Amino acid sequence: MKELDPLTFTVELGQFYEKSKTSGNVYVTMKRMTEEKLIKVAKMKKEIPRGGDAVIGNLDIDNVQYPCLVRATYKKNKISTIIAPDDFNRFQNAYSTIIRAYMDTLKKRDRSKKIKKVSK
């Protein structure tokens with residue numbers, strides 16, 4: 001899985017959606033990271049991930065803002081990014097622009113009317 005910065009992630013996600021027009025599905029997941037997971041990732045990679053330094057350095061537990069982990073999968077290609085709380089609105093705007101741009105590939109659901117049988 002490639003870990004990218006948020007801008008590169010949105011570009012790659014657009015490419016995933018472009019490829020999925022012919023075949024395949026794109027899966028996107030978002031989840032909030034906790035302090036324990038940030039520390040675990042920092043120990044594995046020997047560095048604090050982008051967006052996580054604000055949480056680990058902050059001792060005020062009441063005002064903690066956790067970063068968001070975003071992952072995307074298309075066939076066997078996987079990308080991910082960590083969004084800092086301060087950059088989340090900017091990322092959300094870019095993400096919504098991409099979603100709107102590639103929404104034309106969605107298929108309308110076929111809803112056939114069920115015919116009620118009249119009992120005699």
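## The loop at Asp86

Asp86 is located in the loop that connects β4 to α4 (88-101); helices (H or I, at least four residues) and strands (E, at least two) are DSSP runs, numbered from the N terminus. Asp86 is exposed, its relative accessible area being 66%; exposed denotes over 50% relative accessible area, buried under 20%, and partly exposed in between (1.4 Å probe, protein chains only). Between Asp86 and Tyr66 the C-alpha to C-alpha distance is 10.0 Å, with a sequence separation of 20 residues.

## Basis of the model

This is a predicted model, in which local features need pLDDT of at least 70 and side-chain atom pairs count only at pLDDT 80 or more, while totals for chains, interfaces and linings use all residues. Residues are numbered from 1 along each chain as its sequence is written, and side-chain values use heavy atoms, with hydrogens and water left out.

## Strand β4 and the sheet

An open sheet of mixed pairing is formed by four strands in the order β1-β4-β3-β2; two strands pair if DSSP finds at least two bridges between them. β1 and β2 (26-32) are the edge strands, each pairing on one side only.

Strand β4 (residues 77-83) is largely enclosed by the rest of the structure, because five of its seven residues are buried. Strand β1 (residues 2-3) runs parallel to β4 and is joined to it by two bridges, with Lys2 opposite Ile79. Strand β3 (residues 68-74) is antiparallel to β4, with seven bridges between them; Tyr74 has Asn77 as its bridge partner. Two residues separate the strands of the β3 and β4 hairpin, where Lys75 adopts a positive phi near 50°.
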